[in-house]
Amino acid sequence: MAARSVCRAGSAAARGLLWGPRPSAALLTLTRKRGAATYAQTLQNIPETEVTTLENGLRVASVESNQPTFTVGLWIEAGSRYEDPKTNGAGFFMEHMAFKGTKKRPGSAFEKEVESLGAHLNGYTSREQTAFYIKALSKDMPKVVELLSDLVQNCALEDSQIEKERAIILQELKEMDSNLTDVTFDYLHATAYQGTALAHTVEGTTENIRRLTRADLSSYIDTHFKAPRMVLAAAGGISHRELVDAAKQHFTGAPFAYKGDSMPALPRCRFTGSEIRARDDALPLAHIALAVEGPGWADPDNVVLNVANAIIGRYDRTFGGGKNQSSRLAALAVEHNLCHSFEPFNTTYSDTGLFGFHFVSDPLSVDDMMFCAQREWMRLCTSATESEVTRAKNSLRNAMVAQLDGTTRVCENIGSHLLHYGRYIPLEEWEARISAVDARMVREVCSKYIYDKCPAIAAVGPIEQLLDYNRIRSSMYWIRL
């Protein structure tokens, strides 16, 4: 008995030594307040983005932080929209070639030099922009900027490397054909912007990749990789003045200037309500995308449409929550087994956009899912409520603050903003725009873009149950008596 008491007393004493006295509730509250910044404080404490335009038109933008690393990249106003049917795919081909050596660093010497810095090099091409960016230690900023300059103005374009990358790209195109989501969205662009440059795929056609020559790639670089079409953006532990000095040293001169000719104009693109159906009953699932014409990048209606998409929500069978999800469409999808997944989208370009939804379903659920999705659109146009708008705005705020994670995401935001908006839009301004949205605005803006509009439709797979285009078009409005 005495022994057990001693053991209990010893255990209590040990816990006291290890844990110490329990802090009061007031002290815990004070600690939380010191350690966690509010949402408003987070927006106010974001460092200012500095922008400088050089004499040749190159825009240099950066935001400084106390991190030991940084990301710097070039965002270029070039992509498949600036290609014609014969050269479609040149930008994607050029992206591959950019990492295969320069005139100063032939072969694998370029990649080895990047690796010697412990840096990470990446790039991508889209319909309206091309980007190359490097993440490295802050002390290596001058060297990294010089590497980016060498990459875009001295690409070697060796014949042996061109043939090697041609084979790689052709293999990639075969693999892309198995990604039915990407195929569906390519079809959606092809039908929505038929006969225009936005109908082109980013990767180009197999025929084009086989016949593109060194002269085609060189002409693409000489036409588009010029200072007025570029933004040099950086984020992390570097100073703006040092970045500008490095840009002046490496991004000036003849290779970055236009020779008397004006910059290529943005090709005009017109939206067309139409459809593409690629029926294949051997496939297990149907992929359907439906979209109306949305606004361009700079249109303020985009904020309201993004709130509307947040109300619709997204769903995948792997999600938890079941019937208790806040999205009405997701709850219906679970209850009635309508689809495997769905997601709304708002794809924006300089002067137009695609606002719509994409879903993947079993062959016998296509009609039901399309009916429910279109009915949700009509509900947004006629009876969106304040409570769901408030929830959607909070969802957007969460996604907006998530953009602060890491120097690469911040850098990409800066580069894209300067290309598309002509300036960097701070998060405080985005917050003000989101806060101004209410249910009335959602109903009005959705009616403006959705109600009684002709949609573009792309469908791939076992789509026998997808109704006739005219029947789908008739569900773009309600007859109310």
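Me: Which residue in β6 stands opposite V72?
Reply: Strands pair in a sheet through backbone hydrogen bonds, parallel or antiparallel. Here V72 stands opposite A234 of β6. F70 faces G236 in that strand.

Me: What am I looking at, and how is it numbered?
Reply: This is a predicted model, where local features need pLDDT of at least 70, side-chain atom pairs count only at pLDDT 80 or more, and totals for chains, interfaces and linings use all residues. Residues are numbered from 1 along each chain as its sequence is written, and side-chain values use heavy atoms, with hydrogens and water left out.

Me: In which sense does β6 pair with β3, and in which with β2?
Reply: First the terms. Strands (E, at least two residues) and helices (H or I, at least four) are DSSP runs, numbered from the N terminus. Two strands pair if DSSP finds at least two bridges between them. Now the case. β3 (residues 69-76) and β6 run antiparallel, with 7 bridges. β2 (residues 59-64) and β6 are parallel, with 6 bridges. V60 has L232 of β6 as its bridge partner.

Me: What is the strand order of the open sheet?
Reply: Read it across: β1-β2-β6-β3-β5-β4, 6 strands with mixed pairing. β1 (50-53) and β4 (120-125) are the edges, each pairing on one side only. For angles, axes are lines fitted to C-alpha atoms, for helices over the stretch in contact, and run from 0 to 180 degrees between N-to-C directions. Neighbouring strands here are turned by 15° against each other on average, direction ignored.

Me: Is β6 mostly covered or uncovered?
Reply: β6 (residues 230-236) is mostly covered, with 7 of its 7 residues buried. M230, L232, A234 and G236 point one way. V231, A233 and A235 point the other way.

Me: Which residues form the covered face of β4?
Reply: L121, G123 and T125 form the covered face. The uncovered one holds H120, N122 and Y124. β4 and β5 are antiparallel, joined by 6 bridges. T125 has T130 of β5 as its bridge partner. A hairpin of 4 residues connects the two strands.

Me: Which helix lies across β3, β4, β5 and β6?
Reply: Contact means heavy atoms within 4.5 Å. Helix α6 (residues 141-153) lies across those strands, at about 20° to β3.

Me: Which residues touch the most other members of the largest nonpolar core?
Reply: A nonpolar core joins buried Ala, Val, Leu, Ile, Met, Phe, Trp, Tyr and Cys residues through side-chain atoms within 4.5 Å. The largest has 55 residues, and I288, F342, M370, W377, V442, I450 and L466 touch the most other members. Helix α14 (residues 366-383) gives the largest share, 9 residues. Beyond four places in sequence, M370 contacts I288, L290, F357, F359, L466 and I472. Apart from this core lies another, of 52 residues, including A78 and L157.

Me: What joins the side chains of H420 and W297?
Reply: A polar contact pairs N or O atoms within 3.5 Å; within protein, one must be able to donate a hydrogen and the other to accept it, and residues adjacent in sequence count only if both atoms are side-chain atoms. Here a polar contact of 3.3 Å joins the two side chains. H420 sits in helix α16 (residues 407-420). H420 is buried, at 16% relative accessible area.

Me: How many disulfides are there?
Reply: A disulfide is a pair of cysteine sulfur atoms within 2.5 Å. The count is 0. C155 is buried at 6%, and C411 is buried at 0%.

Key
Buried < 20%, exposed > 50% of the residue type's maximum accessible area, 1.4 Å probe, protein only.
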